[in-house]
Amino acid sequence: MMEIMTCVREDIPVTAVVFHNRQWGAEKKNQVEFYNRRFVAGELENQSFAGIAKAMGSEGVVVDKLEDVGPALKEAIRKQMEERVTTVIEIMCTRELGDPFRRDALAKPTRYLDKYKDFV
Ligand SMILES: Cc1ncc(C[n+]2csc(CCOP(=O)(O)OP(=O)(O)O)c2C)c(N)n1
Ligand SMILES: [Mg+2]
């Protein structure tokens, strides 16, 4: 999001998409896999990325229906190419958790080299 302000200031038109599921989903998934579903600091209920975008001088668009995704993208790209306008499209998403990047991300590591045996 911080780069949006630079884009506006320096006249570098871009179209950015935020997939807004009101959570740090990847971190919540780790809390499912490794912390017995003890959820901490993963919920993000209050921010409006389109609102932040507008405050930074770009366009901000909220999309909450699937059929609006294509037209919103087309219009943003048109403005980007023809009018040098930067747009943030905020797509409201459902909250199911995806697969983790790595299932062993937070698991205790196996140390194969003697010099690392102390690091458990
Ligand atoms: C600069 C940086 N900080 C922290 C992380 C660790 N990290 C990986 S995924 C993630 C949360 C992603 O949440 P979000 O962008 O809302 O995507 P979601 O998983 O909800 O689809 C974090 C903090 C990272 N990859 N990069
Ligand atoms: Mg998220």
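This is a predicted model: local features need pLDDT of at least 70, side-chain atom pairs count only at pLDDT 80 or more; totals for chains, interfaces and linings use all residues.
Residues are numbered from 1 along each chain as its sequence is written, chains are lettered from A and ligands numbered from 1 in the order in which they are written, and side-chain values use heavy atoms, with hydrogens and water left out.

Now to the strands; helices (H or I, at least four residues) and strands (E, at least two) are DSSP runs, numbered from the N terminus. Strand β3 is mostly covered, with five of its six residues buried. It pairs with β1 in the parallel sense over six bridges, and β2 also runs parallel to β3, joined to it by five bridges; two strands count as paired if DSSP finds at least two bridges between them. Thr-87 in β3 stands opposite Thr-15, and Glu-59 likewise stands opposite Thr-87.

Which elements cover the buried residues of α4? They include β1, β2 and β3, contact here meaning heavy atoms within 4.5 Å. The buried residues of α4 are Ala-72, Ala-76, Lys-79 and Gln-80, and, seen down the helix axis, they fall within an arc of 100°, so they line one face of the helix; that arc is taken from the directions from the helix axis to the C-beta atoms. On the other side of α4, Lys-74, Met-81 and Glu-82 are exposed. The helix has 15 residues and reaches 20 Å from its first C-alpha to its last, close to the 21 Å expected at 1.5 Å a residue, the expected span being 1.5 Å times one less than the number of residues. Just after α4, Arg-84 takes a positive phi of about 60°.

My last topic is charge pairing. The structure holds 13 salt bridges, each being a side-chain nitrogen of Lys or Arg within 4 Å of a carboxyl oxygen of Asp or Glu. Within α4, Arg-78 and Glu-82 meet in one at 3.1 Å, N to O, and these two residues, four apart in the helix, are separated by about one helical turn. Arg-78 is partly exposed at 29% relative accessibility, whereas Glu-82 is exposed at 58%. Both belong to a network of salt bridges that also links Glu-59, Glu-75, Lys-79 and Glu-83.

Why does the bridge between Glu-43 and Arg-95 tie together parts that are 52 residues apart in sequence? With their closest N and O atoms 2.7 Å apart, these residues join two places, because Glu-43 lies in the loop between α2 and α3 and Arg-95 in the segment after β3. Glu-43 is partly exposed at 39%, and Arg-95 is partly exposed at 27%.

Conventions: Buried means under 20% relative accessible area, exposed over 50%, partly exposed in between (1.4 Å probe, protein chains only).
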